[in-house]
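Thanks for coming. Please have a look at the structure on the screen, and then I will walk through it.

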Amino acid sequence: MPTLYQAIEVNHCFKGTALSFEGKKISYSTFIDNVDIFASKLYAYGVRKNQVVTLVSPNVPETIYTFYALNKIGAIVLVVHPLIPPMVLNEAMESVESKLVIFPDIKYLDFKNSLKDKDYLLLNIKSDLNLLKSALYPLIYKSKLKNISKDKYIYRLPLSRESFEINKDDYKPSVYLRSGGTTGNSKTVVLNDKAFNNIAFQCHKILGFSQKEVEGKKMMAVLPIFHGFGLAMGVHSPLVNRATSALMISFSAKKVVKKIKKNELSFLLLIPYMARKLLERKDFKGTKLKNLTHAFMGGDKADLKLFSEFNERMEKANSKCRLLEGYGMTETASVNFVNKLDSYKIGTVGKPIEGVKARIVDDEGKVLECGFEGNIEISTNTMMLEYLNDSELTKEVIEIENNDSWLKTGDIGKIDKDGYLIFIRRKKEMFKIAGINVFPSDINRIALTFEDVKDCATVFVSNDKHPYVALFLESETKNKVELAQLVKKELCSELIKYSVPEKIIVLYKLPRTNVGKVDKNALLNLYN
């Protein structure tokens with residue numbers, strides 16, 4: 001099987017649009033030429049095969065050029081959230097022994113003093129914008145762009161004077177992603193090119209199209225590439241299949257509707273929040289919705305009402321598009337189960353895609369029959385290689401049986417008589433806000449560093465329109481407001497914004513169960 005770079009390089013002569021962004025359309029030939037130029041420049045700078053390079057990853061063209069350029073060289077890419085706090089970035093780099101980080105130029109002032117002994121290169125976001133926004137960029141971000149050395153921009157680096165051997169090993173580690181899917185604690189997942197390509201090469205089957213029918217279609221790429229689903233399905237799959245990856249830095253329902261009506265989007269990748277925002281718009285209706293063919297949703301668990309409302313909107317527009325729920329994990333690169341247009345069942349996350357097997361087992365490992373609730377285990381050709389530097393945990397979650405590797409997902413579900421998987425809940429605590437993993441253990445660890453905090457509990461408030469995280473602190477302090485403010489300030493400095501609790505409530509005593517554990521249901525009832 002080819003590497004990620006080889007899988008897209010073969011499309012160099014295809015006369016179509018590879019990337020669209022802010023009104024700009026980048027052809028396949030231009031896209032791959034830019035990847036090759038970036039690879040040459042990065043190699044000249046000193047990047048080598050198996051070197052770990054950290055990529056701070058907003059969904060802009062230069063990020064995508066850089067990702068594939070590093071893959072061409074054979075470097076390992078640690079992909080991180082574009083809003084990662086400086087302290088956390090430095091810790092993440094140290095944990096994977098990364099000495100070089102590449103980030104957008106507007107993050108320069110945020111990161112420059114926290115990188116210690118790390119080297120850095122810059123992405124030129126200005127070059128990715130249309131003429132008007134490109135002209136305004138230096139004015140809007142004038143304070144953030146001060147004192148930047150122009151020689152640190154990738155596009156200004158010299159080309160390599162020597163040719164280098166293109167990486168052709170699709171089995172070796174190539175991508176590091178952060179996850180907490182099976183245990184609830186953040187860790188580094190090691191993936192190879194084979195895992196992502198196994199998904200990309202069957203994308204047309206998931207869509208129910210022939211490979212030829214996928215050509216020229218447009219996939220919304222608003223889910224970031226530090227997220228396995230965003231990387232595999234939003235970027236790599238369309239580029240492998242000669243479709244367009246329609247990059248968006250952040251979700252805007254208004255912009256999405258506009259693109260749909262201009263026939264600039266064929267496939268949507270959504271989380272429940274995005275689907276709700278689209279339904280709230282009065283202009284998300286009419287015959288132009290026929291431009292949509294598929295809307296896939298994952299991430300947070302959604303109620304059935306969302307599906308019925310979305311699909312009713314499509315039916316009124318005479319659109320064949322339906323909201324199709326799927327399921328996957330970072331540990332398995334991306335989607336493993338999905339509903340399809342010709343075989344979907346609302347309330348389930350679909351059937352296994354090609355190369356995936358599933359089973360439900362009890363706590364002793366006994367395989368259960370259809371209809372019985374238990375632990376979800378997956379065997380797939382997209383399995384991670386390991387958790388980085390944690391062989392013990394890797395062995396704990398991956399069981400080898402008859403030459404099959406079975407991943408213990410840490411999720412609870414059941415398989416119905418027709419083979420559809422019903423996801424019920426996560427066995428280990430982890431929340432998702434806007435599709436981003438939020439780990440209560442990370443929040444609690446920071447809160448408990450304060451002397452006045454005796455205990456704490458992080459809970460997920462499941463509000464259909466606006467789900468959020470609330471943190472409850474147990475403290476005898478008289479300055480409750482001040483304590484809450486101090487804790488929130490520290491959380492903001494160490495966590496991505498989605499992980500920072502929207503509400504922090506200080507109580508004299510936290511309610512507890514009969515066995516002494518914090519009663520989170522009582523907290524929710526008390527707060528509501």
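Let me begin with one side chain: is Lys277 buried, partly exposed or exposed? At 30% relative accessibility, Lys277 counts as partly exposed. The terms here have cut-offs: buried is under 20% relative accessible area, exposed is over 50%, and partly exposed is in between, with a 1.4 Å probe and protein chains only.

Before going further, a word on the source. This is a predicted model, in which local features need pLDDT of at least 70 and side-chain atom pairs count only at pLDDT 80 or more, while totals for chains, interfaces and linings use all residues. Residues are numbered from 1 along each chain as its sequence is written, and side-chain values use heavy atoms, with hydrogens and water left out.

Now the overall picture. The protein has 17 helices and 26 strands; these are DSSP runs numbered from the N terminus, helices being H or I with at least four residues and strands E with at least two. Along the principal axes, the C-alpha atoms fill a box of roughly 70 × 55 × 55 Å. Of the 528 residues, 55% count as buried. A contact means heavy atoms within 4.5 Å, and among contacts between residues at least 6 apart in sequence, 69% join residues at least 24 apart.

Back to Lys277. Its side chain meets that of Glu280 in a salt bridge, 3.7 Å from N to O. By salt bridge I mean a side-chain nitrogen of Lys or Arg within 4 Å of a carboxyl oxygen of Asp or Glu. Both residues lie in helix 12, residues 272-280, and they are three residues apart, about one turn of the helix. In general, an α-helix has 3.6 residues a turn, so residues three or four places apart point the same way. Glu280 is partly exposed as well, at 46%.

Which residues of helix 12 are buried? They are Pro272, Met274, Ala275, Arg276, Leu278 and Leu279. Their cover includes helix 11 (253-261), strand 11 (267-270), strand 12 (294-297) and helix 13 (304-316).

How many salt bridges does a search of the whole structure find? It finds 23. One of them joins Glu264 to Lys259, with the closest N and O atoms 3.6 Å apart. Glu264 is partly exposed at 24%, whereas Lys259 is buried at 16%. Another pairs Arg322 with Glu315 at 3.9 Å, N to O. Here Arg322 is buried, at 14%, and Glu315 is partly exposed, at 47%. Elsewhere, salt bridges that share partners join Glu94, Lys99, Asp117 and Lys118 into one network.

My last stop is Ser237, in helix 10, residues 228-240. Ser237 is buried, with a relative accessibility of 0%. What does Ser237 touch, not counting residues up to four places away in sequence? The list is Ile199, Ala200, Cys203 and Ala232. Ser237 and Ile199 are 38 residues apart along the chain, and their C-alpha atoms are separated by 7.4 Å.

That is the end of the tour.
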